[in-house]
Amino acid sequence: MSAALLPPTPPPARRLILNGLFAENPVFRLALSLCPAVAVTTTVLNGLILGVAVLMVQVLSSVTVALARGLIHPRVRIPVYTIIIAVWVSAIDMTLAAFVPALYAQVGLYVKLIVAFAIIISRLEMFASRYPLVPSFWDGFGMGLGFLAALVVIGALRELLGNGSIFGVRLVAGKPLLFFALPAGGFFSIAFLMAFFNWIERRVGRGRGRAAAGGAHG
Amino acid sequence: MARILVPTRRGIALAAILALAAAGLSGVLAARGAVPSAGRMSASPPRGAPRPPRILGAWVERSGGESRVVVRLSTPIERVEPANFRFTEAAAPDLPIVVREVRGARGAAANASARLILTVAQPLDPSARYRLDILEPALAGEVRPSAWALFLAVILSSALINNFVFTRYLGLCIFFGVSKKRETALGMGATFAFVMVTTGMLSWLLYEFVMKPLHLRFLQVLVFIGVVAFLVQLLDTVLKKTHGALHEKFGIYLVLITTNCIILAVPLLNAAADAGPLESLALAMGSGAGFALALFLMSCARERVELARVPPALQGLPIAFALAGLFALAFMGFSGLNLFR
């Protein structure tokens with residue numbers, strides 16, 4: 001999946017952002033870091049807050065690695081990346097706990113677990129360790145934005161179907177399909193969304209339908 | 001199953017010994033009172049008095065919609081009228097819960113029985129903590145489920161009711177990655193359970209005896225991921241040198257484990273709950289078993305799906321997600337399980 005990003009001159013910012021949002025969307029296309037995508041998306045707001053946390057961690061770690069890439073010996077790079085991510089996760093975790101305590105109480109565990117997200121470390125390995133500051137920033141921004149968008153879409157779908165509201169604002173009377181707010185509904189929402197993306201891809205006829213064979217990484 | 005285990009018996013014995021050592025160490029620490037929360041109760045007798053009565057244990061029982069408190073004393077006490085007892089929630093010691101009646105166990109007279117049964121005016125939660133004060137003689141004690149009851153309850157709850165995969169959505173990437181074949185799933189489940197127990201206990205020791213005293217709790221994430229990485233690396237090296245066959249089977253999984261949320265979640269949950277040694281061990285064991293169970297179930301189902309005709313758009317991950325959703329629905333049934341009668 002990194003083949004497109006290998007040329008020595010970094011792609012322009014616009015393409016990096018679009019890449020993260022659509023072509024290599026972390027959740028729907030790469031099938032990475034799915035745990036939070038199911039876990040916290042019972043409402044849009046929860047999805048949004050975790051998405052913002054991931055965006056911040058991704059951008060900050062990408063920038064840090066891009067700046068320090070001359071100093072990191074290749075043989076210890078993975079532990080060093082992990083420590084960099086852990087530091088930023090701790091910082092974001094404490095910030096959220098301080099400023100939005102009520103929301104944090106619902107997503108706290110998953111914010112801490114950002115440290116184990118495969119998507120972040122794979123961007124550091126594939127992009128930020130090879131390119132200078134500015135493109136790394138845009139790559140991290142694009143990937144984070146893609147993740148954020150995916151969480152918000154799933155959250156909106158589940159909140160609308162399960163609770164009849166969006167951002168807590170009631171749109172439909174009652175709870176149309178409570179099932180979608182339940183744990184099992186999260187799995188089904190992702191299944192349907194992925195199938196939908198696959199179906200579009202087949203209809204458009206560009207892909208070879210291999211998106212479904214996605215990653216199997218931590 | 002047997003085919004996997006036979007050539008690696010020595011390795012499994014080693015694993016069992018390590019896990020037992022961790023459990024034993026925590027047990028010793030708990031028994032010595034180094035850690036609060038594991039012993040059932042502590043009441044300090046006044047010095048010099050000849051055999052003063054003590055509260056040996058107290059817990060809440062529920063029978064037929066009525067909850068009552070059972071108190072075990074070292075010797076019977078004289079004054080057994082309800083006014084002599086003060087019963088409160090551990091979290092709200094200023095709000096007494098009215099004690100209606102005090103009886104002796106099995107029909108014995110209350111002031112001749114070393115086991116008292118208190119009937120209270122409101123329903124109690126057998127898994128919660130309460131506080132009991134006896135005014136004369138002045139005794140105080142905590143009312144909570146016995147350590148073993150709690151241990152088994154945490155294991156059951158983390159394996160079934162709060163299954164890591166189906167209700168907490170942890171470790172999904174690895175879950176979908178390795179649940180394609182039954183044999184791989186079993187190996188992975190066993191490796192994960194073992195690593196979860198060892199890292200869970202090591203992190204607990206660090207958290208309790210280093211991070212808490214030094215006020216370094218905010219370094220949780222950093223320290224725990226370090227512990228996981230360190231232990232996995234250690235295990236990998238040791239296995240490679242001592243048990244080549246075992247390493248060939250499980251080595252590949254070990255590498256995948258290092259940055260996995262399911263491993264990291266155990267120490268984080270323990271730290272968040274401020275759990276004692278037995279509870280930490282139980283959470284690690286229970287969630288390890290739950291993850292192994294989930295992997296096994298899923299691999300069985302996916303082997304069947306391989307033979308089915310799935311619509312093209314749903315092939316691969318989407319159908320696997322739908323399967324997991326069905327399992328999650330089934331696991332919701334466990335939420336009705338009442339662990340304390």
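Modeller: The contact between the chains takes 38 residues from chain B and 42 residues from chain A, where two residues are in contact if their C-beta atoms, placed from the backbone, lie within 7 Å. The model is predicted, so local features need pLDDT of at least 70 and side-chain atom pairs count only at pLDDT 80 or more, while totals for chains, interfaces and linings use all residues. Residues are numbered from 1 along each chain as its sequence is written, and chains are lettered from A in the order in which they are written.

Biologist: Which helix gives the most to the side of chain B that touches chain A?

Modeller: With nine residues, α10(B) gives the most to that side; helices are DSSP runs of H or I with at least four residues, and strands are runs of E with at least two, numbered from the N terminus.

Biologist: How do you know that the span of helix α3 of chain B agrees with its number of residues?

Modeller: The expected span is 1.5 Å times one less than the number of residues, so the 15 residues of α3 (147–161) should span 21 Å, and the end C-alpha atoms, 20 Å apart, agree with that.

Biologist: What makes B:F151 in α3(B) count as buried?

Modeller: A residue is buried if 20 or more other C-beta atoms lie within 10 Å of its own, exposed if 12 or fewer, and partly exposed in between; B:F151 is among the buried residues of α3(B), and those residues pack against α9 (277–305) of chain B.

Biologist: Why are β5 and β6 of chain B called paired strands?

Modeller: Pairing requires that DSSP finds at least two bridges, and β5(B) and β6(B) have five, in the antiparallel sense, so they are called paired.
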